[in-house]
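Hi,

Here is the structure I promised to pass on. Have a look first, and my notes follow below.

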Amino acid sequence: MKKLKKKVYIGLSADILHEGHINILKIAHNLGEVIVGLLTDQAISSYKKIPHLSYKQREIVLKNMKFVKRVIPQETLDYRPNLNLIKPDYVVHGDDWKSGIQKNTRKQVIKTLKKWGGKLIEPKYTKNISSTLIKEKILKVGTSPDMRKSKLRRLIEAKDIVRILESHSALTGLIIENLKIIKNKDYLEFDGMWSSSLTDSALRGKPDNQSVDYSTRILGLNEILEVTTKPIIFDADNGGRLEHLPYMIKSLERIGVSAAIIEDKVGLKKNSLFDNQSGSKQDTINSFCKKISKAKETKISDDFFIIARIESFILGKGLNDALKRAEAYSKSGADAILIHSKNNSAKEVFSFAKKFKKSKFFKPMVAVPSTYSKTFEKDLIKHGFKIVIYANQMMRASYPAMVNVAKSILINKRSYNSEKKISSIKEVINLIKNDTN
Ligand code: SPV
Ligand code: MG
C-alpha cells in the first residue's frame with residue numbers, strides 16, 4: 001500500500017522570491033507535500049506595505065514551482081484558521097521569527113500543532129538577503145505609471161480604509177512615501193497622496209478659483225511622481241468644459257494618477273470651505289452625469305477611478321438632494337462618491353452614508369474631514385467610508401512654521417533664536433539621499 005505523504009504547511013507573502021524562500025521550500029518538500037498558505041493583500045497590509053504583485057500574480061508563480069503541491073489563501077497573519085483546517089504534520093518557517101513582531105504568531109503555531117502532534121521546523125534564516133532589502137532597492141528605481149495607477153484599486157480591496165494625505169511638492173510627497181510608524185503593533189503609514197486645488201493654488205500665491213490651470217498643476221505633479229511610488233488622487237475641480245475633459249483625464253492617466261475627483265459645481269469656482277457660498281452654483285444632475293459618462297468613456301484602464309464629488313451639503317441643500325445625486329452619478333458610471341461637508345461634525349456625512357449604504361447603486365464612499373477633524377478613522381470605517389483624504393494639512397503645517405521663523409529673525413535681528421525650531425543644515429543636506437555621495 002502506498003504510504004500517505006506527510007503534509008507540510010508554509011505561510012508566505014511571496015512578493016519577491018529569493019534563495020531564502022527556495023531553501024525553505026526545498027526543506028519542506030523533503031518532508032512531504034507542500035501546501036503554501038499565501039497571505040492575501042489584506043493579511044499583508046495589516047503589518048506592512050501592500051505587495052508589489054497582486055494575489056493572483058503571486059499565486060501563479062507559486063503554483064508553478066516544483067516544490068509546491070498546493071496554494072491556498074491565508075486571510076490573516078494568524079496561522080491558526082488554516083492550520084486547524086489542514087492539520088499539517090509540519091510547519092516550516094525561517095528561525096528569524098523567534099523575535100520581533102511575529103514572536104506571538106510563532107507561539108500560537110507551536111500550541112496549535114501540538115493538538116495533533118505536528119512539529120514546527122525552523123531552518124536557519126538565510127543571511128544578507130531579505131525581501132525588505134530588495135524592496136528598498138526597487139523603491140530606489142521607482143515605479144511605472146501603470147503599477148502606480150493600479151495600486152489604489154488594490155488598496156481599496158485590501159484595506160479597511162485607504163488613508164490619503166495632501167501633497168503639494170516633491171518634499172511633501174517624500175514625507176508621505178517614507179513615513180512609517182508602529183504603534184501598539186499597528187503598522188501605520190499613508191497609502192497615497194491628494195493633489196489639492198486649494199494647496200496647489202496657495203503654494204503659488206493664488207486663490208483656489210482655477211487661476212492655476214491644469215497644465216501648471218500637472219507639471220508640479222510630475223515632480224512628485226519623480227520621487228515617489230504611492231498612488232495619487234487628483235482634485236480636478238469641476239473638470240472644466242465637457243469638451244476639454246477628455247484631455248485632462250488622458251493626461252492624468254498617462255502619468256500614472258489613480259483617480260480624478262470631479263465636483264458638481266458650475267461657474268467661477270470658490271473653495272468649498274468658504275462660509276459664504278453665494279455665487280456658487282451646483283450643476284444640474286443631467287449635465288454633471290454627462291461629464292461622468294464622458295470621463296468614463298475616455299479613460300483607458302479599469303484601474304483609473306472617476307470619483308464624483310457631491311456639493312449639496314456645502315450649498316445648503318439637504319440629504320435628499322445629495323442622495324438623489326449620488327444614485328444618478330453612480331448610474332452614470334462614477335466609481336466612488338465623495339460626499340463633502342463643511343460642518344464641524346460628521347453627522348451630515350454619516351446621515352448620508354447610512355442611507356446610501358442601502359441603495360442598490362451604492363459605490364465606495366470618500367470623506368474629507370477638514371472641518372469635522374475630530375472624527376476618527378474607525379468611525380468613518382464603521383459608516384462604510386473606503387477613502388479618507390486629509391486634504392490640506394501639509395500646507396497648513398508649513399505656513400505658520402515659516403511665518404514664525406521669519407518673525408523671529410525680524411524681531412531678534414539674527415537667526416539664532418529660531419534655530420531650535422528648524423531643521424539643522426546637516427539634516428537638510430542629509431534629507432535627500434544622494435547616491436553619488
Ligand atoms: C481641495 O483640497 O482643494 C479640495 C477640498 O477640493 S476642499 O478644500 O474642502 O474644497
Ligand atoms: Mg479643491
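Predicted model: local features only at pLDDT ≥ 70, side-chain atom pairs only at ≥ 80, totals over all residues.

Which protein atoms are the donors of the magnesium ion (ligand 2)? They are Ser197 (OG) and Asp235 (OD), lying 2.1 to 2.2 Å from the ion. Donors here are N, O and S atoms within 2.8 Å of the metal (3.2 Å for Na, K and Ca), and water is not among the atoms, so sites may look incomplete. Serine 197 sits in helix H9 (residues 197–203) and aspartate 235 in strand S10 (residues 232–235), so the pair ties together parts that are 38 residues apart in sequence. Helices (H or I, at least four residues) and strands (E, at least two) are DSSP runs, numbered from the N terminus.

Residues are numbered from 1 along each chain as its sequence is written, chains are lettered from A and ligands numbered from 1 in the order in which they are written, and side-chain values use heavy atoms, with hydrogens and water left out.

Next, helix H11 (residues 245–255). Eight of its 11 residues are buried, among them Leu252 and Glu253. Their cover includes S10, helix H7 (145–158) and helix H12 (285–298). Just after H11, glycine 256 takes a positive phi of about 100°.

Glu253 also turns up in contact (heavy atoms within 4.5 Å) with serine 301, which touches Lys149 too, not counting residues up to four places away in sequence. Serine 301 is in the loop between H12 and S14 and counts as buried at 18% relative accessibility.

Leu252 shows up again in the largest nonpolar core, which has 52 residues; Leu252, Phe234 and Phe385 are among those with the most contacts inside it. A nonpolar core is a set of buried Ala, Val, Leu, Ile, Met, Phe, Trp, Tyr and Cys residues joined through side-chain atoms within 4.5 Å. A second, separate core of 20 residues includes Leu152 and Trp194.

Lastly, isoleucine 432 is in the segment after helix H17 (425–431), and counts as partly exposed at 45% relative accessibility.

Cheers

Note on methods:
Buried < 20%, exposed > 50% of the residue type's maximum accessible area, 1.4 Å probe, protein only.
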